[in-house]
Amino acid sequence: MNVQKFQESMYKLIVETSTNLPKDVRRALKQAKEREIAGTRSAMSLATIADNIKMADENVSPICQDTGLPTFKIKTPIGVNQLELKQAIYDAMVQATKDGKMRPNSVDSLTGENSGNNLGIGVPVVKFEQWEKDYIDVRLILKGGGCENKNIQYSLPCELEGLGRAGRDLDGIRKCIMHSVYQAQGQGCSAGFIGVGIGGDRSSGYDLAKEQLFRSADDVNPNEDLRKLEEYVMEHANELGIGTMGFGGETTLLGCKVGVMHRIPASFFVSVAYNCWAFRRLGVKVDPATGSINEWLYQEGEKVNLVSEEKTEKTEEAKEIVLQAPITEEQIRSLKVGDVVKINGMIYTGRDAIHKYLSDNDAPIDLNGQVIYHCGPVMLKDEEGQWHVKAAGPTTSIREEPYQGDIMKRFGIRAVIGKGGMGAKTLAALEEHGGVYLNAIGGAAQYYADCIKSVEGVDLMQFGIPEAMWHLKVEGFKAVVTMDSHGNSLHQDIDKSSLEKLSKFAEKVF
């Protein structure tokens with residue numbers, strides 16, 4: 001084999017997967033847009049998502065700034081040197097990271113140090129299988145942390161909130177799948193896709209669940225029972241009303257694929273792998289002699305246009321408010337859940353490492369009246385030493401719940417931007433201090449990068465590029481107020497209403 005050519009093929013696969021959404025996923029999103037009620041927050045979110053997909057494609061830049069933990073599944077003819085293939089994949093990954101097509105995401109679990117090149121112990125994941133066909137089949141999925149954190153595993157029998165007892169049968173499996181959609185809410189960047197693994201042990205069950213995500217969104221399950229189960233879930237999960245980003249709406253789930261394997265008598269696991277709308281999964285067929293790509297997978301059919309020529313109307317209850325940072329408490333107190341805001345001025349990124357640091361140390365800058373953005377951007381430095389933002393969507397906020405309220409009060413922070421909402425402790429602090437939580441559109445990394453006009457500085461680079469505090473000057477940075485300073489939370493409201501709707505599916509079906 002020409003190993004250098006294979007490396008080039010893997011580089012193309014990595015870049016294409018990160019920047020160009022597959023056609024089957026685009027079709028599912030188009031159907032979701034057509035179902036959504038015009039003028040709602042979910043319709044606005046889907047319009048933003050469509051713009052973002054187009055921008056990522058045109059700019060050849062990451063669809064979402066969280067390029068995830070890359071997982072390769074490779075089938076090779078007998079006699080192919082798998083060690084050479086793995087090294088070529090590593091080299092291609094390093095180059096793609098250097099070129100800003102992947103965010104450096106490989107972190108030492110003990111020291112917290114980021115390798116900076118997406119390589120490390122066990123990263124990327126590369127799984128080989130031999131077969132008797134005469135070509136190499138390589139498939140790659142980039143599954144970000146926000147949706148990975150909403151994976152869930154059930155051990156049957158069990159009691160499920162809203163659904164009651166789930167037994168060791170097809171109907172118990174149905175209840176687990178419906179519950180898995182409910183528990184994800186908007187934190188996994190809904191509307192999403194799920195892969196379900198029935199049986200196995202705890203590890204093989206999750207492997208089977210993730211393997212389902214490699215199926216085309218358009219395929220039909222050959223197992224009749226599982227086909228009926230998939231169709232049931234797709235019909236009824238969207239009745240939960242969680243909607244895009246958890247804002248409420250007509251589409252909560254874009255795809256459901258279920259696989260089954262044998263188990264031991266004592267264990268009955270149902271494992272669910274949740275994937276966000278930014279379903280970055282592609283594959284190629286490679287010539288084992290030349291290393292060249294012969295065919296791309298998941299690209300059947302026409303490439304649909306997701307961007308509508310007509311502008312989405314604003315909701316009647318939503319008003320668009322311009323905020324100039326720094327922001328006063330009086331301005332914050334005037335905001336209410338449902339308001340759409342556009343921020344101009346400075347915002348400062350802060351993720352897990354920054355929040356832990358600020359809980360024990362002084363801030364490197366004056367944060368009074370300022371805005372913290374839960375974001376780990378993709379950054380590139382030019383030849384003159386200037387930083388440029390390549391992708392900058394929000395990360396899931398709930399991880400900062402132990403710190404957020406205390407940090408806001410201590411440093412005078414007035415607004416936090418993220419996705420998926422926060423909990424009771426933060427909500428109480430917003431009311432006491434005069435703060436607000438703003439929900440940006442998860443995965444819309446190109447849309448928000450376009451709002452960032454310059455990088456004014458950076459602090460705490462010892463935590464690595466994703467975790468550093470970036471000083472970003474923005475214009476027209478749009479987000480929705482989902483937690484206000486009056487004790488109101490859209491996230492709590494949607495959780496409560498969707499749980500009530502979930503309970504309607506407690507009766508036996510299968």
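Residues are numbered from 1 along each chain as its sequence is written, side-chain values use heavy atoms, and hydrogens and water are left out. As the model is a prediction, local features need pLDDT of at least 70 and side-chain atom pairs count only at pLDDT 80 or more, while totals for chains, interfaces and linings use all residues. Helices (H or I, at least four residues) and strands (E, at least two) are DSSP runs, numbered from the N terminus.

**Strand E13 and its partners**

- Eight of the ten residues of strand E13 (residues 340–349) are buried, so the strand is largely enclosed by the rest of the structure; buried here means under 20% relative accessible area, with exposed over 50% and partly exposed in between (1.4 Å probe, protein chains only).
- E13 and strand E20 (residues 469–483) run antiparallel and are joined by eight bridges; two strands count as paired if DSSP finds at least two bridges between them.
- Strand E12 (residues 320–324) pairs with E13 in the parallel sense over five bridges, and Leu323 has Ile343 in E13 as its bridge partner.
- Strand E14 (residues 371–373) is also parallel to E13, with two bridges, and here Thr349 is partnered by Tyr373 in E14.

**A four-stranded open sheet**

- Four strands form an open sheet in the order E4-E9-E7-E8, with mixed pairing.
- Strand E4 (152–155) and strand E8 (253–260) are at the edges with a single partner strand each, so one side of each has no neighbour in the sheet.
- From one strand to the next, the twist averages 15°; axes are lines fitted to C-alpha atoms, for helices over the stretch in contact, and angles run from 0 to 180 degrees between N-to-C directions.
- Strand E7 (residues 192–198) and E8 are parallel over seven bridges, with Gly192 opposite Leu253 in E8.

**Nonpolar cores**

- A nonpolar core is a set of buried Ala, Val, Leu, Ile, Met, Phe, Trp, Tyr and Cys residues joined through side-chain atoms within 4.5 Å.
- The largest has 129 residues, of which Phe72, Val138, Ile194, Trp277 and Ile343 touch the most other members.
- A second, separate core of 19 residues includes Tyr348, Leu427, Leu460 and Met469.
- Leaving out residues up to four places away in sequence, Ile194 has contacts (heavy atoms within 4.5 Å) that include Ile177, Leu213, Val233, Leu253 and Tyr274.

**Helix H11**

- Gln404, Gly405, Ile407, Met408 and Phe411 are buried in helix H11 (residues 404–411).
- Down the axis of H11, these buried residues fall within an arc of 165°, so they line one face of the helix; the arc is that of the directions from the helix axis to the C-beta atoms.
- Their cover includes helix H10 (352–360), strand E17 (415–418), helix H12 (424–433) and strand E18 (436–439).
- Gly412 follows H11 and has a positive phi, near 80°.

**Backbone details to look up**

- The bond from Val123 to Pro124 is a cis peptide with omega near -5°, and Pro124 sits in the loop between helix H4 (82–98) and strand E2 (125–131).
- Leu156 to Pro157 is cis as well, with omega near 0°; Pro157 lies in the loop between E4 and strand E5 (158–160).
- Asn118 is not a glycine, yet has a positive phi of about 70°; Asn118 is buried, with a relative accessible area of 0%.
- Leu460, in the loop between strand E19 (452–459) and E20, has a positive phi of about 60° although it is not a glycine, and is buried at a relative accessible area of 11%.
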